[in-house]
Amino acid sequence: MYIRPIYLDCHATTAVDERVLAAMLPYFTEKFGNPASISHVYGWEAEAAVKQTREILAAAINATPEEIVFTSGATEANNLAIKGVAEAYFKKGQHIITIATEHSAVIDPCNYLKSLGFEITILPVQKDGLIDLTELKNAFRAETILVSVMAANNEIGVLQPLAEIGEMCHEHQILFHTDAAQAIGKIPLDVQAMKIDLMSLTAHKVYGPKGIGALYVRRRNPRVQLAPQQHGGGHERGMRSGTLYTPQIVGFGKAVEIALAEQATETQRLTQLRQRLWKQLSQVEGIHLNGHPQQRLAGNLNISVEGVDGAALLLGLQPVMAVSSGSACSSATTAPSHVLTALGHSEKLAYASVRFGIGRFTTEEEIDIVAKHAIATIQSLQNKR
Ligand SMILES: *Cc1c(COP(=O)(O)O)cnc(C)c1O
């Protein structure tokens with residue numbers, strides 16, 4: 001019998017929650033209308049569903065519904081935020097600041113802008129993965145138009161100090177964008193208190209469907225200008241044309257609603273599971289925890305192991321658990337994780353790393369099976385040397 005490995009890759013994606021799926025289904029069939037159709041009930045019921053998700057998302061981050069722009073995911077939201085701001089503000093300045101541990105969906109748009117003549121500062125992070133606020137301040141220039149710093153890292157789970165960054169950016173009249181793909185539904189987010197101007201969201205890391213996300217675009221204090229990156233029917237107040245994907249949008253809203261309702265208890269449960277896993281793994285010689293020990297997502301554990309070959313390690317774990325080394329998003333390349341090398345790891349140690357993404361459907365029994373097998377695998381590889 002073929003037994004599927006235990007799924008511990010929740011930073012790559014998550015299963016759609018049954019409650020989310022149930023909410024989505026009617027919008028594929030009887031409620032299939034186009035939310036932009038204003039002359040009949042089919043359009044109205046689709047529009048009402050879209051409006052409801054807009055309200056849920058806005059409430060989740062303390063924004064207003066008009067400030068939510070639906071996209072195909074966080075990759076598109078990041079592209080729209082970064083390239084959209086660059087194009088709208090290039091006369092004011094052409095300097096953008098980001099950090100070394102960002103997702104490629106932030107780094108690559110920045111590199112693209114660099115090829116067009118923009119200046120990009122990529123700040124290093126400290127050994128624990130956190131930004132150095134003094135370095136950020138020193139990087140500010142008169143021409144700086146945008147700072148992009150992620151809320152929660154997709155590899156090491158580190159949570160950046162958004163409120164401090166937002167305060168500094170607003171003091172200098174620089175726009176602040178944050179990629180919150182891993183953060184929405186998992187940690188409190190407040191665009192007012194944290195002075196965030198643009199925020200990228202996605203549904204599929206929080207038990208919603210793939211292919212739907214959103215960009216929060218601040219409308220007041222200041223009103224953010226954004227050059228659309230996709231032109232057409234003028235949907236989403238001209239910022240992102242294209243017929244809205246109603247079933248996915250309904251699922252997005254339901255997913256965030258559930259995550260918020262369960263956030264406090266789930267954070268506690270996931271923290272306990274992570275600690276249970278680490279307590280067992282930390283007995284192994286030469287094992288390191290990557291990222292700040294507390295300032296991280298509850299469900300994230302990322303380790304590096306000395307004295308083992310990274311490829312052999314993953315191969316040994318594979319039959320029992322679905323985990324990854326580095327991030328799924330750049331797994332097409334064989335380079336070591338840019339996030340782990342940014343923490344100061346050698347290439348070899350960066351290769352020999354495992355990301356455990358614990359989630360809603362992970363049980364204590366699974367954690368114990370995973371710990372036992374991981375320890376046996378690591379120790380047998382270390383003994384082979
Ligand atoms: C998953 C992820 C993305 C990409 O989101 P999609 O919705 O899959 O495009 C961007 N940034 C971070 C931090 C992520 O974890």
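Biologist: Which residues in helix 2 meet which residues in helix 7?

Modeller: First, a word on what you're looking at. This is a predicted model, where local features need pLDDT of at least 70, side-chain atom pairs count only at pLDDT 80 or more, and totals for chains, interfaces and linings use all residues. Residues are numbered from 1 along each chain as its sequence is written, and side-chain values use heavy atoms, with hydrogens and water left out. Helices are DSSP runs of H or I with at least four residues, strands are runs of E with at least two, and both are numbered from the N terminus. Contact means heavy atoms within 4.5 Å. Here, A46, A49, V50, T53, I56, L57 and A60 of helix 2 meet T246, I249, V250, F252, G253, V256, E257 and L260 of helix 7. Sorted by class, that contact has 11 nonpolar residues, three polar and one charged. Nonpolar covers Ala, Val, Leu, Ile, Met, Phe, Trp, Tyr, Cys and Pro; charged is Asp, Glu, Lys and Arg; the others, Gly among them, are polar.

Biologist: At what angle do the axes of helix 2 and helix 7 cross?

Modeller: Axes are lines fitted to C-alpha atoms over the stretch in contact, and angles run from 0 to 180 degrees between N-to-C directions. Helix 2 (residues 41–61) and helix 7 (residues 246–281) cross at roughly 35°, and their axes come within 9 Å.

Biologist: And what is there to see in the loops?

Modeller: Look at N62, in the loop between helix 2 and strand 2 (68–71). N62 isn't a glycine, yet has a positive phi of about 60°. Then find P222, in the loop between strand 8 (213–217) and helix 7. A cis peptide bond links N221 to P222, with omega about -5°.

Biologist: Which residues surround the ligand?

Modeller: "Near" means that a heavy atom of the residue lies within 4 Å of the molecule. The ligand's surroundings are G73, A74, T75, H103, M150, N154, D179, A181, Q182, T202, H204 and K205. By class, that shell has three nonpolar, seven polar and two charged residues.
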